[in-house]
Structure formats: structure tokens, C-alpha cells
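The following paragraphs walk through one protein chain, element by element. Keep the model in view while reading.

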Amino acid sequence: MKFDTPAGTNPIDQGRVIGIPHDRIDGPAKVTGTAPYAYERHDAAPNAAYGWIVGSAIARGRIAAMDLRAAESAPGVLGIVTHANAGKLGKGNFNTAPLLGGPQVDHYDQALALVIADTFENARDAARRVRIDYMPQDGKFDLAAERGNAVKPPEGDFGGAPDTAVGDFDGAFARAAVRIDQHYTTPDHSHAMMEPHATTAAWNGDRLTLWTSNQMIAWSVGEMARTLGIAKANVRLVSPYVGGGFGAKLFLRADALLAALGAKQVGRPVKVALARHQIPNNTTHRPATIQRIRIGADKDGVIDAIGHEVWSGDLPGGGPETAAQQTRLLYRGANRMTAHRLATLHLPEGNAMRAPGEAVGLLALEVAMDELAEACGVDPVELRIRNDVQYDPEAGTQRPFSSRKLVECLRAGAERFGWDRRKAKPAQVRDGRWLVGMGMASAFRNNLVGKSGARIGVDATGKVIVETDMTDIGTGSYTIIGQTAAEMLGVPLDRVTVRLGDSRFPESAGSGGQWGANSATAGVYAAAMALRAKLAEKAGYPADQAQFEDGLIRHDNESRTLAALAGREGVWAQDSMDYGDLDKRYAQATFGAHFCEVGVDIDTAEVRIRRMGGAFAAGRILNPKSARSQVIGAMTMGVGAALMESLEVDTRFGFFVNHDMAEYVVPVHADIPPQDVLFIDELDDKSSPMKAKGVGELGICGAGAAVANAIYNATGIRLRDYPLTIDKLL
Ligand code: MOS
């Protein structure tokens, strides 16, 4: 099915199941421990051996010698995979450094060997007996020092052009009545999802099955086939439950490749999980940024010139953190420039983490806007309303937004939060030991849509079954896909079985870039339309007039049960939603407004978040309960970015020092107050037949800047280097 004109009224608009808050249908399996995760597939691979990854102890250089003798003769050892015996491996499209290193070493903790043994303990013990001698090489590890060597990167898949320019930025900025020119920095971040990367691999002849924890099934089938040099048809990936991803599991990692190689070598299934301490350096992270923002405005705060430059680093062949993305679309201004610059760093590879680009771009832009508001004497909410623009400000009026309710979010959010009680002058409010302040920020995240397929059927009992390789990374995919099928076929949600995360099912858009919910349900919509047509034909009713409700198909005064039409074999249909160029004709994005109240201890400078709230416009909200959970989780991650999260770089040896959950600090429940989330009514008929947009990443975008701005309002201290830790306030 092709979606190339705005959606008219369709069966989703009935809103009988879609748009109603539902508990997650996978919830009971997850909280009772009965949902099988990749490392626990004892059912599928009962005789699996255990692998332990040996990572590089240097950041850059070559392996001079590997001595495996002590490890090979350790108790229970079945085999050891290294570059010397792994055979020729191809290079995947998504990994910057090889997942199995050697003889060249590209980054610290790059996998150099897999030790396989009969038990986990034996594998780990033997791994400690592997001796590797290195010839280290110097590397570059300090972004600030390499900033001057940064270059213009090639055009990326998701970040678009590295540079954009409209009008005469330099001239307009120089002439502006009010000018802001500031630098901001954000550190490297780790995804810190609960479930580590883990895979159980088994070969049956030349066919490989991977039970793994992965966001993008089809991408990863292709990557594994390319890396091993085998046919895609011989790779099956199964990932029905994922304990968090945040971008860390968009691509295959060493656990999957080494489990596959290990299982081949020892002739039985092998399971491999990354230990927590291996994750920050072996896998990807969100790269640190240095950002310069210049805004020129008139004395009323109306922007005439806006510029955003971003410097980040990655291994050779890697890509930039595209933190200027939102600045291309969020505010007006006839004269504009953005630039992403990329330095070579020999740290572990950088890549996507929740809302890559905007999540850290807004940490800078929305503080700069707060600085502009103060400089102009304009309220920060009002400043953003004055600078709203209903079309792509780089492309001009011929490219309007598909829908854009930023102003509505700003107004509704401000009213609900009690923004009018904020004192414009900082450091005016005291509550006992606490200096109290309020801050706000706009939220912005791109809305991407992608082709997505599904198969849907009705069985002889009238139950509806949906199959797609879409993943549920904790986001609620099972439930919204079930709701979509229930809505389309006129059955209650508990009559729908949803099967996800298996490459045997039709290819979906997968989970990434907040495109999953809208895209995957649109694929189910397409398959359901095809099934409705088949059922109508069987009943002898005109497809466009048949009604589906209460487990029946109706036309005029007649009806048939779905169960009767399905018969013993059932009726199945498969289709995908494919897109024309609507997303090029219309700028598509999601919007919101974050509000935050903090207290800062007058003596210790401890920051406590007292209240958080926001209003968000993201098209049709498919399941308000799970959408709210996504937003409050993302807001929490925004607090982490503002106040505590940072991978600390050892610039002498080139690795992230804090590599566990004790030292990579993320918010816990005690750090987070009750969070208020308001969804603004919006149906986006140009985004998909679901009229939905993404919402999973919107909540992190701007949340941290609202915290930073609240700290300024509380204390009068303007911080521009994240995380905003106590030492910077004293
Ligand atoms: Mo997202 S960072 O594309 O999983």
C-alpha cells in the first residue's frame, strides 16, 4: 500500500481501541520473569556453551603476540576464537571498527578473543589466562584539543548535509540589536540500558540462528550475512524481548558475531553476554560535543540571525553528532547557518543514542534562548512564541510543517505548570535552605517514517494474529500493534495475538529514531486493509462498505462472524506501508514544551528537581498510557544528561574510566519528582494513515535545558558545560 496523499477518514479514526490507555500486553510476562531474553533461551538451545569476550587493553596499536596455551588447557575450555582462526570476515555497514579486532587494534576493549567453556565460570576464568602482547600506537583522545583539526564530514544517513546556510548570517548577526554568542559542551554518554548486549547462537548445517537483543532485525540480518559472507536467507534473528536499547542495539555488536563464530568453532550453541563493565568501551556511545551558538535578534527578541556550529569526534570512518539538526527547523530567522565538524578520535566508536542530534543540541540551543530572553527582557515562553515558524525556515514557505503545535504546547504547558509564578530576576525565591527557580525549554524531534510490513490473519476461533519483525524495546510496540489490529478488525484487544521480533516475519521499520510506533502500526494497517478486503470478498460484501465490529463483518442488515469466514485454515493477508514524497513536501517533526522547578541548597549546592511537567504534540497518541511512560522516561534521561551523566575520558590511555552503573551515574527514583505530561490533540494526516508521529525520543529533547534554565533562575549562575555538577555551582 502506498501512502502519498494526506489520509482521509479511515477505520483508525473510530478510536474504539486506538487512543485508549491500555496496559502493556507484554507486561505480565516481563514482570513475572517468563518473557525469554536472549541469554535465557535454554528452551531453544539447551546445550549451549558459554563464551567470554577478551577485550583490548590498549586503545590503539597492534597485537604483537597472543599466547592462548594457558587458557586452552584451563578446566572446561572448548575453544577460543581470535582473528587468527575466525576466517575472513567482511565489514558491516554500520560498525565503524571491526567487531573482532586483530591484528590491528582500533579502540580500548575492542573484542580480540572469545573463550568458550562448558560453564560461565570456566569461560571467565580461562579468559583471564589469555596473554596478549601489544605494540601500542599514539592516539587522539581529547575533543577539545582536536577541535582545530576537525573537518567537514560526508553527508550522513540521518543528519542530512553537514552545512546549511541561508541569507547573510555574518552581516545580520553583526547588525543585530541583541547578540548571544556562547559555547556549550556536552560529554560522552552511555546508553546504560538494563539488559546488556547478549546473544545465543546456534548453527544447523549452514543455517545460523541468533537469539539476540536487537532493535533492527532486518538491518542486523544483513550485517551478519555481510560479515560472515553467507546468504541472508541463512541467517535468522530472533529478538522478541529487548531490555532497553536507546540506540545501543540498532546494530550488531561483538556478542552476536562472536557467539556465531564460537558456535561454529565448537560445534554446539554458544551464548555470549557483555559484562556491564565491557559495555561503555566495547560498544557505542553518544559522542561528546562542543557547540557554539550565535543568535542575533531585535530588542523584542525576534530572531534575524541564528548560527549553530557543532564539533564532535569519532574513529576514522565514523560520523558526527548532528546536534545542529533542530536549529535548522525550530525558530524563525532570515539569516542562518549550521555546521557539523568531525575530529578523528581513537576512543570507542560513537553512534546514535536516544534522539541523536537533538538531545544534546537542545541542551545548548535552549539555554542560548534563555540567555536571549533575559538579554531582551522577554519572558522565555513568549520569546519562543514570537519566533515560531510554520514552515521549514531553511526551505521557505513552500515547505510547511505537516503539523506543528509548538505554540499550543508552550501555552498549555505554561498554564498547567503555573509558569506565571516565576520571577524573571534570578535568585529571588527562598524556601528554607533552598534557592528555588523555574526554567523551561522547547522540545523538538524529527518525525521519520519508514516502510514497514506485517502479516495478519484470523483463525477458526475468530482470534486475530499479527506477525512482523518489529521489536519492542520496552516501548509498548506489542500493545499498539495489537490495538491497531483490534481497531481494524473490530475485535477486542484480548482477541489479538501479537508476534514480534523474528526475521521470519515480514520486514518492519524496526525500533529507532522514534519512527517505530507510527511506521510499524501503519504497516499493520496496510495488512489489515488487505485482510478486510479478503474477508469481505468471502462474505460477498463490497469491501468499502463492510463494517467490522464485535467480531462480525456487517453489510446492510446482514452479518457473518470472522470465525466462520476464517474456516479451519484461517484467512491471512500481508502488505506493507510504503511512502511517497510527502515527507519531502512537508517538514515533519514533533514538538513540546518542558517546564521544571528546582531547589538548590544554599550551602552544598545540591540540586533537587522539585517539579517537572510538559505538553507535547506528536500526532495521534496511540496508547496514552505507554506514550506517557515513554515521555516520563525520556524526561528522566534528560535530567540525567543535565545533572549527572558523563563518560569520563582518560586522555592519556584513551578509554572511558567509569564503566559500571556505580560510576556512570543515572537518575534513580529518589532523584525524580512526579512528572506531569499533557498531550495536545493533534492528528497528522500527512505522516501516515495512523495520523500519528513518533513520541519515544521527544521527551528527552529539551528536558535537560529546562533543568539548566531552572538552576539559573534559582541561583543566577549560568552553566554551559554539562553535566551541571555541584562543583560548578560552588
Ligand atoms: Mo534510537 S538512538 O535511533 O534507538
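Phe246 sits in the loop that runs between β12 (235-238) and α7 (254-266). This is a predicted model, and in it Phe246 has a positive phi of about 60°, although the residue is not a glycine. Most residues other than glycine have a negative phi, and most peptide bonds are trans. Is Phe246 buried or exposed? Phe246 counts as buried because 25 C-beta neighbours lie inside 10 Å, where 20 or more are needed.

Gln514 is another residue other than glycine with a positive phi, here near 50°. The loop that holds Gln514 lies between β21 (496-499) and α13 (516-539). Gln514 is buried too, because 28 other C-beta atoms are within 10 Å of its own.

The peptide bonds also hold some exceptions. Gly102 and Pro103 are joined by a cis peptide bond, with omega at about -5°. Pro103 belongs to the loop between β4 (77-82) and β5. A cis peptide bond also joins Tyr722 and Pro723, and its omega is about -5°. Pro723 is in the loop between α17 and α18 (726-729).

Strands of a sheet pair through backbone hydrogen bonds, either parallel or antiparallel. An open sheet of three strands is arranged in the order β5-β3-β7, and its pairing is antiparallel. β5 (104-105) and β7 (131-136) are at the edges with a single partner strand each, so one side of each has no neighbour in the sheet. Six bridges connect β7 with strand β3 (residues 61-67), in the antiparallel sense. Among the residues involved, Ile63 has Tyr134 in β7 as its bridge partner.

The UniProt record, an unreviewed entry, places the feature "domain: Aldehyde oxidase/xanthine dehydrogenase a/b hammerhead" at residues 32-138. In the model, the end C-alpha atoms of residues 32-138 are 50 Å apart. The span is 33% strand and 11% helix.

Strand β15 (residues 303-314) has 12 of its 12 residues buried, so the strand is largely enclosed by the rest of the structure. Which strands pair with β15? Strand β14 (residues 289-297) runs antiparallel to β15 and is joined to it by eight bridges. In that pairing, Ile306 in β15 is the bridge partner of Ile295. The hairpin of β14 and β15 has five residues between the strands, and in it Gly301 takes a positive phi near 85°. Strand β16 (residues 335-344) runs parallel to β15, with 10 bridges between them.

Of the 13 residues of strand β26 (residues 589-601), 12 are buried, and the strand is mostly covered. Strand β18 (residues 434-446) pairs with β26 in the antiparallel sense over 13 bridges. Leu435 has Val600 in β26 as its bridge partner. Strand β27 (residues 607-617) also runs antiparallel to β26, and 10 bridges join the two. Here Ala593 stands opposite Ala615 in β27. Five residues lie between the strands in the hairpin of β26 and β27, where Ala605 takes a positive phi near 65°.

Two helices now come into view. Helix α9 (residues 358-376) packs against helix α17 (residues 703-715) at an angle of about 35°, and their axes are 8 Å apart. The crossing of α9 and α17 is right-handed. On the α9 side, the contact involves Leu362, Leu363, Glu366, Val367 and Asp370. These residues meet Gly704, Ala705, Ala708, Asn709 and Tyr712 in α17. Sorted by class, the contact of α9 with α17 has six nonpolar, two polar and two charged residues.

The last stop is Gln182, in strand β9 (residues 178-186). How many C-beta neighbours does Gln182 have inside 10 Å? The number is 15, so Gln182 counts as partly exposed. Leaving out residues up to four places away in sequence, Gln182 touches Ile293, Ala368, Glu371 and Arg720. Gln182 and Met644 are 462 residues apart in sequence, and their C-alpha atoms are 22 Å apart in space.

Note on methods. Residues are numbered from 1 along each chain as its sequence is written. This is a predicted model: local features need pLDDT of at least 70, side-chain atom pairs count only at pLDDT 80 or more; totals for chains, interfaces and linings use all residues. UniProt positions are given in the numbering used here, feature names are shortened, and annotations may be inferred rather than shown by experiment. Helices (H or I, at least four residues) and strands (E, at least two) are DSSP runs, numbered from the N terminus. Two strands pair if DSSP finds at least two bridges between them. Axes are lines fitted to C-alpha atoms, for helices over the stretch in contact, and angles run from 0 to 180 degrees between N-to-C directions. A crossing is left-handed if the near helix is turned anticlockwise from the far one by less than a right angle, and right-handed if clockwise. Two residues are in contact if their C-beta atoms, placed from the backbone, lie within 7 Å. Ala, Val, Leu, Ile, Met, Phe, Trp, Tyr, Cys and Pro count as nonpolar, Asp, Glu, Lys and Arg as charged, and the others, Gly among them, as polar.
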